[in-house]
Amino acid sequence: PDKYFFPNQFSSEFNLLAHYQNTAQEIWAQTKGKITHLVSALGTSGTIMGISKYLKEKNPDLQVIAAQAERGHYIQGLKHMGEAIVPAIYNRKYIDKTVLIDSESAIHMTREIIQHEAIPAGMSSGAALMAAWSVVREVDQGCVVVIFPDRCEKYLSTSLFDPRKDLPCLLDSPEYLKSYSYMTQSRL
């Protein structure tokens, strides 16, 4: 027992603490405290719990949006709290809204990120951006920060990179273009 360490990221308060002490403070500094919305995917919950705890201490009006996979999903790294073991570090009080994301939408958005932004994002990142897209359609102004929690290299053998899996292009949608334009403009 003294030779091994089991990080148990689903129960370790250090998972939450790492984001509380580092990621959240970096976001606060880089946005000069102007962040109005935080969007993050929901997996171990350490990222969203740590960041939201810190940011809500700084600004109680901050809105925290969780991108949660829908039931029966296949978005690796994400959870649907109704069908998964709820992480011990998860605390619902830090989340203001949950956006359910389906697998195909997450995969498609991930492809868009990779192709159009040259960011090697993973499926959880696509889900997070889908949730952020729903947020920017509802707000007139603000500073929306979205966390990309994963990279694509662990998905190379999945449907994310299957050329036979053709999905419609979101960029063809005028609604997407308007939201995308809004998301990429600096509001600081």
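Helices here are DSSP runs of H or I with at least four residues, strands are runs of E with at least two, and both are numbered from the N terminus. The model shown is predicted.

**Figure 1. The protein chain holds five helices and four strands.**
Read from the N terminus, the elements follow the order α-β-α-β-β-α-α-β-α. The chain has 188 residues, and 49% of them count as buried. Take the contacts between residues at least 6 apart in sequence: 78% of these join residues at least 24 apart.

**Figure 2. Ala118 lies in the loop between α3 and α4.**
Helix α3 covers residues 103-117, and helix α4 covers 123-136. Ala118 is not a glycine, yet its phi is positive, at about 60°. Most residues other than glycine have a negative phi. Is Ala118 buried or exposed? Its relative accessible area is 65%. Exposed means over 50%, so Ala118 is exposed.

**Figure 3. Lys32 also has a positive phi without being a glycine.**
The phi of Lys32 is near 55°. Lys32 sits in the loop between α1 and β1. Lys32 is exposed because its relative accessible area, 62%, is over 50%.

**Figure 4. One aromatic pair turns up in a search of the whole structure.**
The partners are Tyr20 and Tyr54, with ring centres 5.4 Å apart. Their planes stand at 85°, so the pair is edge-to-face.

**Figure 5. Ala66 is a buried residue of strand β2.**
Strand β2 runs over residues 63-69. The relative accessibility of Ala66 is 0%, so Ala66 counts as buried. Which residues does Ala66 touch, leaving out those up to four places away in sequence? They are Ser40, Leu42, Ile48, Ile95, Lys97, Thr98 and Val99. Asp96 is 30 residues from Ala66 in sequence. In space, their C-alpha atoms are 8.1 Å apart.

**Figure 6. Ser125 is buried in helix α4.**
Ser125 lies in helix α4. Its relative accessibility is 0%. Apart from neighbours within four places in sequence, Ser125 is in contact with Ile113, Phe148, Pro149 and Asp150.

**Figure 7. Ile114 belongs to helix α3.**
At 25% relative accessibility, Ile114 is partly exposed. That value falls between the limits of 20% and 50%. Gly126 is twelve residues away from Ile114 along the chain. The C-alpha atoms of Ile114 and Gly126 are separated by 9.6 Å.

**Figure 8. Val86 lies in the loop between β2 and β3.**
Strand β3 spans residues 97-101. Val86 counts as partly exposed, with a relative accessibility of 41%. How far apart in space are Val86 and Phe10, C-alpha to C-alpha? The distance is 8.3 Å, although 76 residues separate Val86 and Phe10 in sequence.

**Figure 9. The charged end of Arg137 sits over the ring of Trp133.**
From the centre of the Trp133 ring, the charged end of Arg137 is 5.0 Å away.

**Figure 10. The second largest pocket has a lining of 22 residues.**
The volume of the second largest pocket is about 330 Å³. Gly43, Thr44, Gly77, Ser124 and Pro149 are the lining residues nearest its centre. Which elements each supply at least two residues of the lining? They are α1, β1 (37-41) and α2. Helix α2 gives the most, with three residues. Pro149, among the residues nearest the pocket centre, is also one of the contacts of Ser125.

Methods: Residues are numbered from 1 along each chain as its sequence is written. This is a predicted model: local features need pLDDT of at least 70, side-chain atom pairs count only at pLDDT 80 or more; totals for chains, interfaces and linings use all residues. Side-chain values use heavy atoms; hydrogens and water are left out. Buried means under 20% relative accessible area, exposed over 50%, partly exposed in between (1.4 Å probe, protein chains only). Contact means heavy atoms within 4.5 Å. Rings of Phe, Tyr and Trp (its six-membered ring) pair if their centres lie within 6.5 Å; planes under 30 degrees apart count as stacked, over 60 as edge-to-face and the rest as tilted. A charge sits over a ring if NZ of Lys or CZ of Arg is within 6 Å of the ring centre and within 35 degrees of the ring normal. On a 1 Å grid over the protein atoms alone, a cavity is a set of points where a 1.4 Å probe fits but cannot get out, and a pocket is an open set with protein on both sides within 12 Å along at least five of seven lines; lining residues have an atom within 4 Å of a point. Grid points are joined across faces, edges and corners, and a volume is the space filled by probe spheres set on the points.
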